Amino acid sequence: MKKVDLREKVLTTNEKLAMANRKRFGETGTLVLNLVSSPGSGKTSLVEETVKILKDGYRIYVVTGDLMTENDARRIARHGVEAVQISTGGACHLDAKMVDKKLVKIGSDYDLIIVENVGNLVCPASFDLGEDLKVLLVAVGEGDDKPVKYPPMVRASGVLVINKTDLMPYTDSNPETIKQNALKINPEMEVFSVSCKTGEGLDRWIEWLTSRLKTKKKAHPEVLDSKSG
Amino acid sequence: MHELSVATQIADLVTRVMEDNSAQKVGEVAVEVGTLSCIDPDSLTFCFEAITKGTRLENARLKIEEIKPRAKCRACNAEYEVSWDDFRCKSCGSSEFDILIGSDISVREVEVE
């Protein structure tokens with residue numbers, strides 16, 4: 001038999017679709033965040049607090065993923081922001097095709113798209129949606145060693161938000177330990193400690209997010225011009 | 001986690017190689033799987049066999065080589081094997097490094113006739 005030297009990288013269908021999504025979001029100057037965490041770390045709460053503060057200055061669209069129910073989309077929509085639910089039926093993650101199907105209809109008129117993934121620290125790490133960044137949430141009290149237990153997700157994420165700092169008096173958890181565990185695996189992560197309950201620390205998160213929104217827009221001045229006119 | 005998707009793409013690549021070489025048969029397919037890709041070799045083999053059964057790729061045999069991740073330190077230039085619990089430089093502890101290999105999945109070689 002003849003041996004054919006190929007040396008070709010395998011790009012999955014999802015990776016190809018994610019690249020197409022990313023190109024589209026790049027052209028429209030839309031910042032896309034993919035929120036990932038265990039179930040119950042506070043992804044929906046972080047989205048709620050974020051849209052409350054930013055909705056008057058930015059056009060925001062939220063996509064939430066769960067196996068069943070539209071509860072999260074409803075929670076977010078009551079703040080006056082467009083939110084759509086993807087009910088995966090049984091799938092443990094969102095993929096680029098699901099997101100594309102929801103977003104293809106809405107056009108390009110958004111500054112920020114927040115995708116709230118299914119609560120799962122394993123599978124969403126392997127499925128790029130075309131986002132700018134994955135934002136990983138870990139809550140105080142869910143185990144300070146979470147980052148070292150689920151390192152692929154830490155590697156895949158650009159931001160770590162340590163949530164529920166208001167619970168510190170009631171647990172042995174230390175946000176600094178969570179942070180150091182994550183930075184060992186991904187030293188380039190931006191790290192924020194917040195309490196969505198009390199609002200503590202959200203100012204730094206919003207400041208960072210606003211700066212990212214401006215950077216993404218600046219790369220596309222033609223979009224900015226056409227929208228300001 | 002996404003072994004089925006990876007297996008499908010490998011099958012497509014092998015089919016392309018067969019067509020490009022006007023081949024009727026396929027033998028060994030050498031695949032490199034970086035361990036940072038989180039692809040499980042046994043599961044990949046299972047998926048590949050399942051989707052090629054009854055097709056002209058049925059006799060293709062995946063030979064999977066796992067590639068351990070290596071990084072190069074930007075501070076001291078040391079090259080080292082990365083471990084999942086700590087990616088920082090093994091020599092100087094620097095947090096500045098580039099992953100050299102171990103993230104990708106690639107088809108290295110295909111036997112055809």
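Two strands are said to pair if DSSP finds at least two bridges between them. By this criterion, strand β2 (residues 31–37) of chain A pairs with β5(A) in the parallel sense, over 5 bridges. The model described here is predicted.

- Chain A holds an open sheet of 7 strands in the order β4-β3-β5-β2-β6-β7-β8, and the pairing is parallel.
- The edges are taken by β4 and β8 (190–193) of chain A; each has a single partner strand, so one side of each has no neighbour in the sheet.
- On average, neighbouring strands of this sheet are turned by 20 degrees against each other, with direction ignored.

**Strand β3 of chain A**

- Strand β3 (residues 60–66) of chain A is mostly covered, since 7 of its 7 residues are buried.
- A:I60, A:V62, A:T64 and A:D66 point one way from β3(A), while A:Y61, A:V63 and A:G65 point the other way; all are buried.

**Contact between chains A and B**

- In chain A, 24 residues are in contact with 27 residues of chain B.
- On the side of chain A that touches chain B, β1 (2–9), α1 (13–28), α6 (151–156) and α7 (175–185) of chain A each supply at least two residues.
- The most is given by β1(A), with 8 residues on that side.
- The residues of chain A on this side comprise 13 nonpolar, 4 polar and 7 charged.

- An open sheet of 4 strands has the order β1(A)-β6(B)-β1(B)-β2(B), with mixed pairing.
- β1 of chain A and β2 (61–67) of chain B stand at the edges, and each has a single partner strand, so one side of each is left without a neighbour in the sheet.
- Neighbouring strands here are turned against each other by 15 degrees on average, direction ignored.
- The link between the chains in this sheet is made by 6 bridges from β1(A) to strand β6 (residues 105–112) of chain B, and these strands run antiparallel. A:K3 stands opposite B:E111 in β6(B).
- Within chain B, strand β1 (residues 26–34) is joined to β6(B) by 6 bridges, and the two run antiparallel. The bridge partner of B:E32 in β6(B) is B:S106.
- Helix α1 (residues 3–20) of chain B packs on the sheet, touching β1 of chain A as well as β1 and β6 of chain B. Its direction makes about 40 degrees with that of β6(B).
- Helix α2 (residues 41–52) of chain B also packs on the sheet, touching β1 and β2 of chain B, and its direction makes about 160 degrees with that of β2(B).

Methods: Residues are numbered from 1 along each chain as its sequence is written. Chains are lettered from A and ligands numbered from 1 in the order in which they are written. This is a predicted model: local features need pLDDT of at least 70, side-chain atom pairs count only at pLDDT 80 or more; totals for chains, interfaces and linings use all residues. A residue is buried if 20 or more other C-beta atoms lie within 10 Å of its own, exposed if 12 or fewer, and partly exposed in between; C-beta atoms are placed from the backbone. Two residues are in contact if their C-beta atoms, placed from the backbone, lie within 7 Å. Ala, Val, Leu, Ile, Met, Phe, Trp, Tyr, Cys and Pro count as nonpolar, Asp, Glu, Lys and Arg as charged, and the others, Gly among them, as polar. Axes are lines fitted to C-alpha atoms, for helices over the stretch in contact, and angles run from 0 to 180 degrees between N-to-C directions.
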